[in-house]
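Come along and look things up with me.

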Amino acid sequence: MITAIVLIKTSVDRIPEIAESIAALENVSEVFSVTGTYDLIAMVRVKEHEDLAEVIPGRISKIPGVEATDTHVAFRTYSQHDLEAAFAIGLDN
């Protein structure tokens, strides 16, 4: 699974509506409203690298009110769940 973090600038008067539209898209797992340079951050998860082009410029960027995107593709994913599982290897319950 390929994960992309998409930083999104939007029309500020429509952030909730734009966030809901993005969250409704297939392959978008979460959308966060954030402070700072960007208005939204979307987590996109796809099976093939080529699928990113369909989701990000093909769908997200075409939503009315989306002004710009900046995409970062993850090399690896680390999570608390993964760390707990790794430390539990070999331990009996």
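My entries go from the sheet to the helix and then to a loop.

**Ground rules.** I am working with a predicted model, in which local features need pLDDT of at least 70, side-chain atom pairs count only at pLDDT 80 or more, and totals for chains, interfaces and linings use all residues. Residues are numbered from 1 along each chain as its sequence is written, and side-chain values use heavy atoms, with hydrogens and water left out.

**The sheet.** I found an open sheet of four strands in the order β2-β3-β1-β4, with antiparallel pairing. Its edge strands, each pairing on one side only, are β2 (28-33) and β4 (66-73). My terms: strands (E, at least two residues) and helices (H or I, at least four) are DSSP runs numbered from the N terminus, and two strands pair if DSSP finds at least two bridges between them.

I then asked how many bridges join β1 to β4. There are seven, and β1 covers residues 2-10. Isoleucine 8 stands opposite threonine 69 in β4.

**The helix.** Which residues of α1 are buried (under 20% relative accessible area; exposed is over 50%, partly exposed in between, with a 1.4 Å probe and protein chains only)? I noted Ile15, Ile18, Ala19 and Ile22. Down the axis of α1, these buried residues fall within an arc of 100° (taken from the directions from the helix axis to the C-beta atoms), so they line one face. On the other side, Pro16 and Glu20 are exposed.

**The loop.** Asparagine 27 sits between α1 and β2. Its phi is positive, about 80°, although it is not a glycine. At 30% relative accessibility, asparagine 27 counts as partly exposed.
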